[in-house]
Amino acid sequence: MDKDYLESVKKQFAYYKMLGDKTIAQLSDEQLFWQYNSESNSIATIVKHLWGNMLSRWTDFLNSDGEKEWRDRDAEFENDITSREELLEKWNAGWQCLFEALNPLESADLERIIYIRNQGHTVMEAINRQLAHYPYHVGQMVFIGKMCCDVNWSSLSIPRGNSQAFNADKFKQEKRRAHFTDEFLEGKEE
């Protein structure tokens, strides 16, 4: 059961990374830095925040507090990334840090207590916390991407008007055990 949990969360994180990758790929450089207003974040700012959070939470996460002393969370919301290349470096470095921390975990690790801002979490609770946090921000990225691309947006899920055909195809198949991300991540797992 716990091994299934670890495999499931790895696939879910990989799926949300893929959604972010596909969003970034559809946008021009200018659109990556676009803000709706001064109180909203650009995709570049969201990426910078995710990068800072991921490095802080997952670096040496079994032994040191997830809110590292070197993290400057407030600076993560300063829109100072200057290029697509820099944005992608941060995006990929954050996810790499996460997967390097998750991949060696064993079932027995899930009940270990770790700390985030001095609050004790089991490893499973800490994973769940981030599995809610990262998709929240990836969803923001997708929403911004859809606003920027308008009718040129290439859907990342079931395109409008295709639900019946999609479901008909699924129900033609035999019942089986599968993870919802399998069809999207084949050959793409971290």
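Helices (H or I, at least four residues) and strands (E, at least two) are taken here as DSSP runs and are numbered from the N terminus. By this definition, the protein chain has seven helices and two strands, and along the sequence these elements follow the pattern α-α-α-α-β-β-α-α-α. The radius of gyration, which is taken over C-alpha atoms, is 18 Å, close to the 16 Å that the globule rule gives for 190 residues, so the protein chain is as compact as a globular protein of that length; the globule rule itself is 2.2 Å times the number of residues to the power 0.38. The model is a predicted one, in which local features need pLDDT of at least 70 and side-chain atom pairs count only at pLDDT 80 or more, whereas totals for chains, interfaces and linings use all residues. Residues are numbered from 1 along each chain as its sequence is written, and side-chain values use heavy atoms, with hydrogens and water left out.

Along the principal axes, the C-alpha atoms of the protein chain fill a box of roughly 50 × 45 × 25 Å. The protein chain exposes about 11200 Å², of which carbon and sulfur atoms supply 49%; accessible areas come from the Shrake-Rupley method with a 1.4 Å probe, and for residues only the protein chains shown count as cover. A residue is called buried under 20% relative accessible area, exposed over 50%, and partly exposed in between, and on this scale 42% of the 190 residues count as buried. When contacts (heavy atoms within 4.5 Å) between residues at least 6 apart in sequence are considered, 74% of them join residues at least 24 apart.

Helix α3, residues 43–58, has 16 residues and reaches 22 Å from its first C-alpha to its last, close to the 22 Å expected at 1.5 Å a residue, where the expected span is 1.5 Å times one less than the number of residues. This helix is mostly covered, with 14 of its 16 residues buried, and just after it Asp 60 takes a positive phi of about 50°. Ile 46 has its place in helix α3 and, at 3% relative accessibility, counts as buried. Leaving aside residues up to four places away in sequence, Ile 46 touches Asn 41, His 137, Gln 140, Met 141 and Ile 144. The C-alpha atoms of Ile 46 and Gln 35, which are 11 residues apart along the chain, are separated by 11 Å.

The two strands, β1 (residues 113–116) and β2 (residues 119–122), pair in the antiparallel sense over four bridges, where pairing requires that DSSP find at least two bridges between two strands. They form a hairpin with two residues between them, and Arg 117 in the turn has a positive phi of about 55°. The bridge partner of Ile 113 in β2 is Thr 122. Strand β1 has a covered face, made up of Ile 114 and Ile 116, and an uncovered one, made up of Ile 113 and Tyr 115.

Side chains of opposite charge can pair when their charged atoms come close. With a salt bridge defined as a side-chain nitrogen of Lys or Arg within 4 Å of a carboxyl oxygen of Asp or Glu, the count comes to 12 salt bridges. In one of them, the side chains of Arg 84 and Asp 29 meet at 2.6 Å, N to O. Arg 84 lies in helix α4 (residues 84–102) and Asp 29 in helix α2 (residues 29–32), so the pair ties together parts that are 55 residues apart in sequence. Arg 84 counts as buried at 17% relative accessibility, whereas Asp 29, at 41%, counts as partly exposed.

A salt bridge is also formed by the side chains of Asp 80 and Lys 48 (2.5 Å, N to O). This pair links distant parts of the chain, with Asp 80 in the loop between α3 and α4 and Lys 48 in helix α3, 32 residues apart. Asp 80 is partly exposed, with a relative accessible area of 41%, while Lys 48 counts as buried at 7% relative accessibility.

The side chains of Glu 183 and Lys 170 likewise meet in a salt bridge (2.8 Å, N to O). Glu 183 lies in helix α7 (residues 182–185) and Lys 170 in helix α6 (residues 163–172), so the pair ties together parts that are 13 residues apart in sequence. Finally, Arg 57, Glu 67, Arg 71, Glu 76 and Arg 117 are linked in a network of salt bridges, and Arg 117 is also the residue with positive phi in the hairpin turn.

Technical notes. Buried < 20%, exposed > 50% of the residue type's maximum accessible area, 1.4 Å probe, protein only.
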